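Hi there,

Here is the structure I promised to pass on. Please have a look at it first, and my notes follow below.

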Amino acid sequence: MEIAFTDEQQLLQETAAQLGESIGVTNPDEIATGEVLDAQWQRLVDLGVPTLRSPGLCGLAASGVETAIVIEQLARTLSAVPVVGQAVLATELLEAAGADKELERIAEGNLRVAPVLRADLTGFCAANWPGVAFDAAGATHGLCALRADGHRRLVCAPLDGNEASALDLTRVIRCTATDLEGYGDLTGKPISDERWQRVESLALTVFAADLVGVMQGALDDAVRYAGERAQFGAKIGSFQAVGHLLADALVQVEGARSCLWHAAWAIDHLPADEARLAAMTAKAYASAAGREVVETTVQVFGGIAITWEHVSHLRLRRTLLDRQLLGDETVHYEAIAALRLANRELA
């Protein structure tokens with residue numbers, strides 16, 4: 001079986017890579033905020049990223065692969081534009097609920113909505129629980145889920161919480177009210193359990209895509225540095241110890257990317273339980289590999305990597321947060337084992 005991008009997917013990858021290079025973070029003191037970040041968001045809207053999962057708006061069949069491609073390329077340059085939270089997770093929730101009016105406003109650039117996660121970041125927040133709006137830079141509303149009569153309904157409420165201190169400096173997290181149900185409006189139709197499972201699978205997959213992008217960006221920079229930095233009259237990349245570190249990191253990156261592509265494809269083409277298994281596998285592998293790869297690149301860079309001016313600490317911060325979002329590898333390895341033991345067809 002051939003596994004390769006189509007011509008259209010390759011073009012999207014190149015376009016997203018160019019966008020990522022133009023809006024990437026290269027200095028911790030120059031992370032985009034305010035009007036600059038709003039302008040970057042508009043470029044994302046113009047590219048059509050928020051509608052990639054909405055066939056009625058983009059005219060194409062929904063595909064998790066295109067979504068993963070864009071996220072990986074933007075994460076590679078540590079872009080601060082809220083693509084994961086607002087362009088993917090929020091729009092996927094709205095698409096699942098059939099909230100066409102809100103999706104059209106987002107596609108037109110007239111609405112900014114962020115998903116609300118539980119305070120411990122282990123999942124999407126229910127409407128009457130305390131939570132945090134994730135990737136909330138520029139967002140005016142938050143999305144929570146209200147479970148009733150065996151289904152879930154979305155609650156869309158204005159965000160009035162204060163910005164919370166976050167480990168990841170490239171993302172904004174806002175505290176929300178403890179009872180959004182009390183002043184929010186129901187949005188769209190009820191979401192079935194099967195559809196909700198695919199929403200959660202997409203969420204796991206996009207966090208894995210962000211981890212893969214961060215890993216790839218860190219590895220690219222470390223390889224470039226090893227080819228330029230000289231010690232004892234030789235480039236450090238010629239030292240066997242450094243070469244082995246980078247080679248091992250490459251193996252981990254490629255392994256994580258393979259899991260990611262399968263999970264991204266599975267969201268729309270496999271039964272819900274198989275898609276969830278693929279998503280948990282991708283998230284678990286990327287969570288474990290992400291920390292190892294980024295820490296390896298810190299060792300290759302040496303002392304400069306522990307200075308404020310270098311972006312290594314931004315990558316490490318983002319990786320550590322990504323690992324915790326919807327559970328790290330320890331959580332998902334246990335869930336994968338339970339799922340396989342419960343279903344022989346998945347074993």
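Let me begin with a hairpin: β3 and β4 have two residues between them, and in this hairpin Asp149 takes a positive phi near 55°. Strand β3 covers residues 141–148 and β4 covers residues 151–158; the two run antiparallel and are joined by eight bridges. One of the bridge partners in β4 is Ala157, which pairs with Gly142. Strands count as paired here if DSSP finds at least two bridges between them.

A word on the source: this is a predicted model, in which local features need pLDDT of at least 70 and side-chain atom pairs count only at pLDDT 80 or more, while totals for chains, interfaces and linings use all residues. Residues are numbered from 1 along each chain as its sequence is written, and side-chain values use heavy atoms, with hydrogens and water left out.

Now the whole chain. It holds 11 helices and nine strands, taken as DSSP runs numbered from the N terminus (helices: H or I, at least four residues; strands: E, at least two). The radius of gyration is 20 Å, which agrees with the value near 20 Å for a compact globule of 347 residues; this is taken over C-alpha atoms, and the globule rule is 2.2 Å times the number of residues to the power 0.38. Along its principal axes the C-alpha trace spans about 70 × 50 × 40 Å.

Of the 347 residues, 52% are buried, meaning under 20% relative accessible area (1.4 Å probe, protein chains only).

Best wishes

Notes: Buried < 20%, exposed > 50% of the residue type's maximum accessible area, 1.4 Å probe, protein only.
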